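Work through the exercises below with the model open. Each has a task and a stepwise solution.

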Amino acid sequence: MITNNNSIVLIGPVYPYKGGIAHYTGLLCRALQKSYAVEMISYKMQYPKLMLKREQKDYSNDSFKIEGTQYLINTANPFNWVKTAGQIGKMSAQTVIIEWWHPYFAPCYYVLAKLLRKKRLIFICHNVFPHERFPLDKKLTRMVLKQGDGFILHSQTEAEDLLSIRSDAVYRVQVHPTYNAFQLEHMSKEHARELLGLRAEEKVLLFFGYVRPYKGLKYLIEALPQIDRRLQDVKLMIVGDFGEDKETYLNLIQMCGVKDTVLIKDGYTPDKEVEKYFAASDLVVLPYESATQSGIVQIAYGFTKPVVVTNVGGLPEVVTDDKTGYIVEPKDVNGLAEAIAHYFEAEKEAEFMQNIHAEEQRFSWERMVETIQELELEE
């Protein structure tokens with residue numbers, strides 16, 4: 001057990017768990033380790049198999065592995081919650097950081113928070129409320145977050161959601177840091193395209209991540225005919241898990257007459273394969289209907305790739321319009337097509353890459369640690 005007075009407990013998913021929040025937690029832990037002795041606490045069981053039927057773990061790439069992680073929490077076992085709280089309570093750290101993103105964790109985190117009331121609790125809220133709302137989600141969220149002493153949000157929209165249930169909340173808004181840990185081989189665009197069978201002259205768009213209705217992929221597909229009329233050699237790579245909706249998108253691609261423009265890689269993308277898709281792309285597109293914030297933007301920035309996002313949630317707070325990407329209105333097919341076509345016609349690549357480099361400090365993990373330190377000192 002760590003006995004250093006300058007210590008901290010971090011609770012959340014970490015390797016071998018999959019997904020953006022697990023990546024986030026691993027990178028945050030490494031950043032905190034430069035200033036603290038960190039007790040990394042993760043899950044013995046994160047979600048019941050009946051709730052999340054897809055595989056929850058990915059052992060193919062251990063670059064996000066955190067040595068010494070204690071896999072203690074079974075989120076569905078109340079006896080385990082009490083035992084885990086007792087173990088954390090004996091640790092010397094006076095500050096406990098808990099990652100929050102879905103009310104499923106409310107019973108577990110409520111009990112942990114109640115039993116750890118002698119420690120300072122900081123919640124990092126990836127989403128105050130879930131993307132897909134359901135009855136009682138607000139009540140469950142309030143039940144847990146009212147136990148917090150401090151909060152970190154990644155957008156002003158999320159801060160407003162927090163204040164709607166905790167008007168007295170002590171919080172900081174800190175933009176989502178950049179993911180640069182996927183550059184395992186520092187792959188060139190040319191090599192990545194060779195691996196994917198893409199030509200050097202092609203203008204490559206990337207839609208990356210789980211395909212869900214709120215992510216607005218249909219608007220990007222509907223914009224492709226306009227983009228094709230203005231540009232030559234356009235390719236859209238759709239890289240993500242379609243779930244049960246794949247046929248709907250395949251029919252839309254056929255109807256729009258863009259079958260030859262679209263490349264699909266269906267299913268989960270292991271960490272070690274992420275690099276080639278971002279390295280091969282020219283522009284990453286997030287045509288979301290709604291959002292809080294997105295780690296996809298920060299993966300793109302990690303590869304110095306500009307983005308096109310919609311004016312929803314916290315996305316406009318991380319994209320400087322006409323400098324690191326473009327901001328368009330949601331569900332606006334014409335606006336989406338115009339932004340994408342203009343990027344290539346105006347030859348913006350070198351300028352936008354330079355602008356992304358200039359904002360590295362704002363999106364650094366060091367800045368995130370400073371924000372946590374500010375909250376620790378807050379009375």
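**Exercise 1.** Which residues line the second largest cavity?

*Solution.* The model is predicted.
Step 1. Start with the search of the whole structure: two cavities of 30 Å³ or more turn up.
Step 2. Take the second largest cavity, which holds about 30 Å³ of space.
Step 3. Read off its lining: Tyr219, Pro287, Thr310, Glu329, Pro330, Lys331, Asp332, Val333 and Leu336.
Step 4. Sort these residues by class. Five are nonpolar, one is polar and three are charged.

**Exercise 2.** Describe the largest cavity by volume and lining.

*Solution.* Step 1. Its volume is about 50 Å³.
Step 1. Its lining includes Tyr15, Lys18, His23, Asp58, Phe64 and Asp271.
Step 2. By class, the lining of the largest cavity has six nonpolar, two polar and three charged residues.

**Exercise 3.** How many salt bridges does the whole structure hold, and which parts of the chain does the pair of lysine 34 and glutamate 366 link?

*Solution.* Step 1. The search finds 18 salt bridges.
Step 1. Lysine 34 and glutamate 366 form one at 3.3 Å, N to O.
Step 2. This pair links distant parts of the chain: lysine 34 is in the loop between α1 and β2, glutamate 366 in helix α14, 332 residues apart.
Step 3. Lysine 34 is exposed at 64%. Glutamate 366 is partly exposed at 39%.

**Exercise 4.** Why does the salt bridge of arginine 172 and glutamate 374 tie together separate parts of the sequence?

*Solution.* Step 1. The closest N and O atoms of arginine 172 and glutamate 374 are 3.3 Å apart.
Step 1. Arginine 172 is in strand β7 and glutamate 374 in helix α14, so the pair joins parts 202 residues apart in sequence.
Step 2. Both ends are partly exposed: arginine 172 at 25%, glutamate 374 at 31%.

Notes:
Residues numbered from 1 in each chain as written. Predicted model: local features only at pLDDT ≥ 70, side-chain atom pairs only at ≥ 80, totals over all residues. Heavy atoms only, no water. 1 Å grid on protein atoms, 1.4 Å probe; cavity = no way out; pocket = protein on both sides within 12 Å on 5 of 7 lines; lining within 4 Å. Points joined across faces, edges and corners; volume = space filled by probe spheres on them. Nonpolar A, V, L, I, M, F, W, Y, C, P; charged D, E, K, R; others polar. Salt bridge = Lys/Arg side-chain N within 4 Å of Asp/Glu carboxyl O. Helix = DSSP H or I, 4+ residues; strand = E, 2+ residues; numbered from the N terminus. Buried < 20%, exposed > 50% of the residue type's maximum accessible area, 1.4 Å probe, protein only.
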